[in-house]
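Trainee: I have a chain open on my screen and would like to go through it with you. Can we take it piece by piece?

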Amino acid sequence: MSRAAGRPQVPQDESRERIQRHLKRLGLTQFDVEAHLRWVREAKASDLESLERLLATAAAFKLQRSIEWRFERSGLKVKKTLATFEWDFQPRLDRRAVESLFDLAFVARREDVLVTGNPGTGKSHILQALVLKACERELTVRYARCVDLVDDLYAGLADGTYEQRMRAWCRPALVVIDDVGLGQLKRRGDEPTAAHMLFTLLDRRCTTTSTALSSNLKLSGWGKYLGDAPLAAAVLDRLAENCVRIDIDGPSYRQHLARQRAGGRLPADEEKAEEATA
């Protein structure tokens, strides 16, 4: 009698129960064991092929969970991809330069990115798509609008966690600061200006990690917006050292959509409102 024939048979139900416990322990409860067994039978797969497919499926589940976890922690709420960008609406935009950002080699080189242009031209779309791409590459990434970033750091001044919050913003491999120039930045007494906070952040991250920013302002307008012209100039100097610059010279896609909704003509007061909120 063979050794295999001499072993007691384990009921299949017990085996399946143990497999489910193992999958739960590994965080792979979505794995379909029966579907895998059907594939093995239908494909007449070898033991090695079966094991390789099993591990590949498990790894794919783990990767998707990692992507979702990173995206949830990034601070961005809406997923955007470069595939949905309206290239035809911005014919003067250097498409090759934008697409080259999405291999994320600039993060490996520890370079920064600055995307400028009028409101509604797609700056935020590009940066938000970069956030998702970074999550897919399992990089640490944080996203915030400039006003929200500054508010977070001001809250740290109020509750004594400023340095802790600043270190948290300095750690990720990629930080995306969207919409420099939109929203009101409040100067609070003798506390540091937004320019001081932004300079400190970029100075600490410079040459060690990557920061991507977007702005609807001309660079000459950063001083007034950030509340300190010399420090704003220092911020721009930090960016100029090691920065990929992309400028979008084109019309507002949001105004285009608003005109379509209005039957081809956007009323003057509505157009002003679009510009103010873009």
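Trainee: Is Asp179 buried or exposed?
Mentor: This is a predicted model, so keep that in mind throughout. A residue counts as buried under 20% relative accessible area. Asp179 has a relative accessible area of 14%, so Asp179 is buried.

Trainee: Which element holds Asp179?
Mentor: Start with the backbone. Phi of Asp179 is positive, about 60 degrees, although Asp179 is not a glycine. The residue sits within residues 174–180, and that stretch is strand β3.

Trainee: What relative accessible area does Leu104 have?
Mentor: Leu104 is another residue other than glycine with a positive phi, near 60 degrees. Its place is the loop between α5 (95–100) and α6 (105–108). The cut-off for buried is under 20%. Leu104 is buried because its relative accessible area is 6%.

Trainee: Which residue just after α4 takes a positive phi?
Mentor: α4 covers residues 47–74. Just after α4, phi is positive at about 100 degrees, and the residue is Gly75.

Trainee: How far apart are the end C-alpha atoms of α4?
Mentor: Work out what to expect. The helix has 28 residues, and at 1.5 Å a residue α4 should span 40 Å. The model agrees with that, because the end C-alpha atoms are apart by 41 Å.

Trainee: Which elements do the buried residues of α4 pack against?
Mentor: First find the buried positions. They are Ser50, Ala58, Ser66, Ile67, Arg70, Phe71 and Ser74. Their packing partners are α3, α7 (123–136) and β2 (141–145).

Trainee: How far apart are the axes of α2 and α3?
Mentor: Two numbers describe packed helices: the angle between their axes and the distance between the axes. For α2 and α3, the angle is about 115 degrees. The axes of α2 and α3 are apart by 11 Å.

Trainee: Which residues of α3 make the contact with α2?
Mentor: Take the α2 side to begin with: Arg16, Ile19, Gln20 and Leu23. By class, the contact as a whole has four nonpolar, one polar and two charged residues. On the α3 side, the residues are Val33, Glu34 and Leu37.

Trainee: Which residues lie closest to the centre of the largest pocket?
Mentor: The largest pocket holds about 390 Å³ of space. Its lining counts 18 residues. Closest to the centre are Ile19, Val33, His36, Leu37 and Leu54.

Trainee: Which helix gives the most to the lining of the largest pocket?
Mentor: Three helices each supply at least two residues: α2 (12–25), α3 (33–43) and α4 (47–74). By class, the lining has twelve nonpolar, five polar and one charged. The helix that gives the most, with six residues, is α2.

Trainee: What separates the C-alpha atoms of Gly183 and Tyr225?
Mentor: Gly183 is in the loop between β3 and α10 (194–205). Leaving aside residues up to four places away in sequence, Gly183 touches Val147 and Tyr225. Gly183 and Tyr225 are 42 residues apart along the chain, yet their C-alpha atoms are separated by 9.6 Å.

Trainee: And is Gly183 buried, partly exposed or exposed?
Mentor: Buried needs under 20%, and exposed needs over 50%. Gly183 has a relative accessible area of 41%, so Gly183 is partly exposed.

Trainee: How much of the chain counts as buried?
Mentor: The chain has 14 helices and five strands. Among contacts with a separation of 6 or more, 78% join residues 24 or more positions apart. Of the 278 residues, the share that counts as buried is 40%.

Methods: Residues numbered from 1 in each chain as written. Predicted model: local features only at pLDDT ≥ 70, side-chain atom pairs only at ≥ 80, totals over all residues. Heavy atoms only, no water. 1 Å grid on protein atoms, 1.4 Å probe; cavity = no way out; pocket = protein on both sides within 12 Å on 5 of 7 lines; lining within 4 Å. Points joined across faces, edges and corners; volume = space filled by probe spheres on them. Helix = DSSP H or I, 4+ residues; strand = E, 2+ residues; numbered from the N terminus. Nonpolar A, V, L, I, M, F, W, Y, C, P; charged D, E, K, R; others polar. Axes fitted to C-alpha atoms, helices over the stretch in contact; angles between N-to-C directions. Contact = heavy atoms within 4.5 Å. Expected span 1.5 Å × (residues − 1). Buried < 20%, exposed > 50% of the residue type's maximum accessible area, 1.4 Å probe, protein only.
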